[in-house]
Structures are given as C-alpha cells and as structure tokens.
Amino acid sequence: MSATENTESLENELNSEVETTTHETEGTAPKEVSPVTQILNDLGDHEEFSFGPLHADILPVILYDEGQFHFYSNRSSMEASGEYVTEHHHIVNSSSHEAPDMNLSITNMVAFQWMAMILLVILFFTASKKAKKSGDKAPSGVHNFLESIVVFIRDDVVEPNIAGKASVRLLPYFIVLFMFILVLNLIGLLPGGHTATGTIGVTAALAITAFFVINYTAIKESGIKAWFHHLLGGAPILLAPLMIPIEIASMFIKPFALTIRLFANMVAGHTVLFSLMGLLFLFQEIFLAVPIIGFATFINLLELLVAFLQAYIFTMLTAIFVGLAIGEHSNEHAH
Amino acid sequence: MQDIMNVNPGLIIWSIINFCILLFILSKFALPAMKKSLQSREEGIKNAIDEANALNEKAQILLIESQGKLDNAQKEVSQILTTAKNLAEQNIQKANEEAEKNKNQKIEEAKREIERSKNDAISELRNEVADLVVTATEKILEVKLDKESHLKLAKDQIEKLPKN
C-alpha cells in the first residue's frame, strides 16, 4: 500500500480516537484506560488489519442486521454510509445505538488465518509437486519437512489412539489441524504479528469442528445405537438419570477444555511479554532494559516451545477423544 | 477487557469456514500425492528390508553349512594326519627293529667269524709250534729218534700248555 493511503488511514484512526474520547468525556462516567486493558485490547481481535506498526483499514465489514446483510469495503466506508458508527471500538447502529444482530466482518484474526492458509497451501502444494516428481527417492526440502510432520502425526498421534479404518480417513484432518494451529501460533510470535489462536473465537471454532469430528466418527464407526448407549457410560440402566447428564456434559466439556487450553496458553505468554515491555515504559530506566530484554527473550523462546507444544496437545487430545468415542463403543459391543 | 474475553460469533463462523476450506484444499489436492509417494517409498523400504532379511537368513544358513563342511574337513585332515603319523611311527619302529636285528646278526656273525679265525689260528700255531719243537729237538739233541714217538711226545707237551 502507498504511503499516502497509510497516512490517510492513520488520520482516520486519529479522528476516530478523538471522537471516541470526546464521546467518553461527554458520557456519564469517564472510562479509565488502564495498562491492563490496553494490553488485553492489543491481544484481542480488531476490525482493522494490523501487523506491527502497520495499520490498514482494508478489511471488509459484513453486518447482518434485521434480516439483511450489509457489506462495506472497509470501516471508513461503513462510517461514511452513515448507517453504522463505531462507538467504544464497537460497531453500532447510528440511529438506535445498538449492535447489529451479527457482525460477520473480516477481522484482523480472520486476515491472519488467511495468511496462515496461504502459507500452508503454498508449502503443501510445493511438497505435493515435489512428491509427484521424486517418486521413490528420499524427499528433500519442504517435502522432507512436511513429510516428517505427516509421519509424526500418523505414527505418534493418530494411529496409537484411533483404531481401524478411521485413522486413515481422519489423518488429513489431524495433519491440517496441527499445521494450522502451529502456523497460527508461529505467526503470532513474529514481531508485530497477532496470534489468532489467542482469541476464544478461533479456538472455539477449532473445538467445534473437533466436536463434530469426534461424534461423527463415533456414530459412523459404531452406529447410532452404540452412540446413545454410550450416554450411559457403561453403568447399569438404573443410573441413567445420573449418567446421561454427566455424559452429555462431558461431551461438551471436552471441546470447551480444548478451547480454553489453547486460548489461555497463547494469551498467557503474550501477556507476560507485553507486561515486561510495559515495565520499561513504567519505570523509564535505561538500566532496567538489560534484565527485561533478557527475560523477554527467554519468554519468547518459551513461547516458541509452547507454540509447538500446544499445537501437538490440541491435536493429540482430539485424537484421544476420537479414540475414546470409538473404543468405548466397541467395548460396549463386547458386553 | 472488552475484546479478549468476548466470543465473537462472526469470528467463530469465519474460523470454521477457513479451517474447512483449508482442510478441503489440502486433503483434496496436496495430501494425496504426498501420501502416495510416502506409501510407495515405505513399501519399497519395507520390501527392501524383507528382501535383505531373507537374503541374510539364506546367508546364515550357507554360513552354517559351510562352517559344518569346514569342521568336517578339519576333522578329516586331523584324522588323516594322525593315521599318517601313526603309520610313520610304526614304520620307523619297524625299521629300527630291523636295523637292530641286522646289527645283532652282523655282530653275531662277526663274533663267530672271529672265533673261527681264532680257532684256526690257534690250531695252525699249534701245528707250527709242534713242527718247530720237533725240528728243534732233533737238531739240539741230535739224537736219532723215531720221528713218530718224538712228535707224540711234543704234542703231549703242548697239550699241557695253557689253552690260549
């Protein structure tokens, strides 16, 4: 993008900031902006694309309100239309001051997911092309790297946990799941990058797909009857009033735990990093920079580990849940 | 705390769509080729290992066989050697014995020869001495005596002499 556009968008942003502050002063209670909210706001999702110091109002806004879709090419064009305005970083109807029924805008995190998708598609297609060419020869480069991951997911995640044909059918799902989470985590570690997996929305989406995969596979492998029978948890029929709610709850708690685990792990590291950097601005001492930067580097390396670890854990747990859902059914058949 | 703990349904929907698109694209167009190459390579490696194992087993059997043959040959060789040694020893012993026997025989013969020669010499000497004594006595005494009786007298005298 050109420099003029950049300055324009910055100007727009400044204007909106001024507007919101005037709104706030006009409001009943002036809102206190603490460093904590600042940090958490930075970690969260935004309507505008930002990568480091680069802020660009280029993402389309899609709103569903009162049974109707509203499309705007970006936020300023939405504001210009006059139907919706931004108040306190929220989009509201300009007349009723209420949020639209659903905000389906392409947000910053969606844009980061697209970046990850483009990267993954390029990587996998390069590897696939090389695979077609290499034949029986040993893989090299990207192909080698991705194949080692594929083999790792197949041999250490999917096959030990999922029995039978389902493991072959579900292998692409687990490969893509692992790589998607991993790349999102790693993009978040780039300076200025945002961690899409550090928002509940993204992790919830992944967990929801996992929920469907778990139950679909269980029903497909063992049949709907066994799936309902599983709700008893293997207990005698008399315990049904107790067991059925517990089993249904556990069905939803599993993906919920997946959601929170990944989200919290990714946010925690970034929060610590931001807090450490915040200390510099708080104390304004040049000597403090040395220990803080050392510690921040350590946390960054730790985050690198966590990025791989959490991608692995999410994939592994999903595989275990799928395996449990299938395995228990086959046990039930044996009764 | 507005953004971070808020669950934005739009973000969830977009994330699901994104993930499904990615899953579809990769599993449809990229992963099958990788899987195929991986499988063919793994099969190739497995076949190669199986083949190597089979060959190894064959080689092991051959090794055991040849080792057995070698052992047999060694045994045969040592057997041949011992028999040869025994034979040689026997031959040597026989030769020794024969040599001893020959030697003894020769010695015996020599002894006998010596004895005979000695006896011959003694008898000859005796005759000579008897003749000498007769002539000497004839000459010294110059007494005409009957040769026969004188000879008898001398012979008797000689008989009285010690044997050797």
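A154(B) sits in helix 2 of chain B, residues 147-160. Helices here are DSSP runs of H or I with at least four residues, strands are E runs of at least two, and both are numbered from the N terminus. The model is predicted: local features need pLDDT of at least 70, side-chain atom pairs count only at pLDDT 80 or more, and totals for chains, interfaces and linings use all residues. Residues are numbered from 1 along each chain as its sequence is written, while chains are lettered from A and ligands numbered from 1 in the order in which they are written.

A154(B) has 18 C-beta neighbours inside 10 Å, so it counts as partly exposed. The scale is simple: 20 or more other C-beta atoms within 10 Å of a residue's own make it buried, 12 or fewer make it exposed, and partly exposed lies in between, with C-beta atoms placed from the backbone. Leaving aside residues up to four places away in sequence, A154(B) touches A130(B), V133(B), V134(B) and T137(B). Contact means C-beta atoms, placed from the backbone, within 7 Å. L132(B) is 22 residues from A154(B) in sequence, and their C-alpha atoms are 9.8 Å apart.

Now take chain B as a whole. It has 2 helices and 0 strands. Its radius of gyration is 62 Å, well over the 15 Å that the globule rule gives for 164 residues, so chain B is more spread out than a compact globule. That radius is taken over C-alpha atoms, and the rule is 2.2 Å times the number of residues to the power 0.38. The C-alpha trace spans about 185 × 40 × 20 Å along its principal axes. Buried residues make up 9% of chain B.

Next, the interface. 46 residues of chain A are in contact with 30 residues of chain B. Helix 4 of chain A gives the most to chain A's side, with 14 residues.

The largest nonpolar core has 67 residues. Such a core is a set of buried Ala, Val, Leu, Ile, Met, Phe, Trp, Tyr and Cys residues joined through C-beta atoms within 7 Å. Elements giving two or more residues to this core include helix 9 (289-334) of chain A and helix 1 (9-141) of chain B. Helix 6 of chain A gives the most, with 14 residues. F174(A) is among the residues with the most contacts inside the core. Beyond four places in sequence, F174(A) touches I153(A), V157(A), V158(A), T315(A) and A319(A). A second, separate core of 7 residues includes Y72(A), M78(A), Y84(A) and L104(A).

Terms used:
Two residues are in contact if their C-beta atoms, placed from the backbone, lie within 7 Å.
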